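My notes follow in the order in which I looked.

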Amino acid sequence: MTNHNENDEPRTGAVQLDPQGHDGHVKSAEEKRFLRKLDLCLLTFTCISYQLNLYGNQLNYFTTYFNVGYCVFLIPSQVMITRFRPAIWLSCLEIVWGALTLGLAGVKNYKQVYVIRTFIGVAESSAYPGAVALLMTWYTPLEMAKRIGFYHSCQPIGSMIAGGLQAAIYRSLNGSHGLEGWRWTFLINGIMTVVIAAFGFFMIPDFPDRPNKLAFWFTAHDKRIAEDRLTRWRREAPDAINFRTAKKAATSIITPALMWLYTASLIAVAAVSYFNLFLKSLKHADGTAVWSTEAISAVPMIGYTIQILSTWFFAFCSDYFRTRWLCLLTIACIGIPSAAILTTWNTSTAAKYYAFFALYATNTGAPIIWSWMSDMLPTEPEQRTLTIGVCISFYYAINAWSNPLIYPAKEAPHYKHGWAVSLGLYCSVVCVICALRAYDVKVIR
């Protein structure tokens, strides 16, 4: 097994390029063709799979049981993806996820839903973190944030299309063949998931040095290009995660810094989930509602659009200008005045609209966080994979109790303590970013 170290010298004959420097590499026509194939197969498959999973998660409200299965199995699943071929592991989990979704169509009571939702969480535990770890293996630092950003943007895209699809299925099939509309929703989503998952056995290329033999599109020439790209950027394909990996992750200052950076960023922006309650509270002088029921559901779609465009914009800037920390700092600095407005609350309605919509633009930092981690741990793919799992598990563990505490329903829409917590979290994110940047410059580089 390869003994990686973040201070190891690059391989013999390798040209070490600094992902945050100015010694870039001009891609050849062959490398560009390879990159297009990689995007078409790997990136397209992961994005479609992610959207299907999110669509399924929108179908019911038994999220607690899902989160338990997801959180508990997330880190073990990250270990397994390095011990099994990703094409097999990710595709099989996706098929199990689809089969369980089909099972929801036949449930007879809520206890059966609890059990199935828990196992759905287990099956989906490697979807996002596993895909991000895999993308890190194939893409260079000048390509990575854009690809992870595009994949990450499938979350708001999935949220936008889920409601419409569910409503369309319910309207058109409710009562057909004696089945309620909600059962048809599970059936259709489950079948779609299983079919798409089957393509994973052929579309996921596994690792550059150990390619998937069933990936017919990945040629021997592609393998040489992929390995050259790894060598050029001082990257290596992962070995199996073991005790040494866990020890390195546990003792590295990067791990707690990223745990806080990732978790605080998401908890701080959780306020956007309550935008519809703010819209619902607005009244005209005569006491009538400003927004109709349909509009209250539609207006947040503008926020999701802002989130998608912001994700693409910051991810592109991160790669193009070769800076992670400045992009993350900009995102946090957008959040600070927005949280301050909502903390004060005694401001104009227009200012509150701005604050909510601006917060959507701050829910965009994860792709840059993962890309920055990859820059700091170029020769430690196992540690990267494990750290992603640790960070996401930590977020789920905190989020399970923080939102009801910070944003109690009885205080809606003015959370007198919640907005202040959001403001404090954004300020703490700024401090962590600056500290991690100093460590990156003085220690890592």
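I began with W345, which counts as buried because its relative accessibility is 15% (buried means under 20% relative accessible area, exposed over 50%, partly exposed in between, with a 1.4 Å probe and protein chains only). I found W345 in the loop between α15 and α16 (349-361), where helices are DSSP runs of H or I with at least four residues, numbered from the N terminus. Its phi is near 65°, a positive value in a residue other than glycine.

I then turned to R322, in the loop between α14 (300-320) and α15 (325-344). R322 is not a glycine either, yet I read a positive phi of about 55°, and at 17% relative accessibility R322 counts as buried.

Next I looked up the peptide bond from A412 to P413, which is cis, with omega near 0°; P413 belongs to the loop between α18 (381-406) and α19 (418-444).

For confidence I noted that this is a predicted model, in which local features need pLDDT of at least 70 and side-chain atom pairs count only at pLDDT 80 or more, while totals for chains, interfaces and linings use all residues. Residues are numbered from 1 along each chain as its sequence is written, and side-chain values use heavy atoms, with hydrogens and water left out.

The protein averages a pLDDT of 88, with 92% of the residues scoring at least 70; pLDDT is the predictor's confidence in each residue, from 0 to 100. Over residues 1-15 the pLDDT is below 50, and I noted that this stretch has 39 contacts in the model beyond near neighbours in sequence, a contact being heavy atoms within 4.5 Å.

Terms used:
Helices (H or I, at least four residues) and strands (E, at least two) are DSSP runs, numbered from the N terminus.
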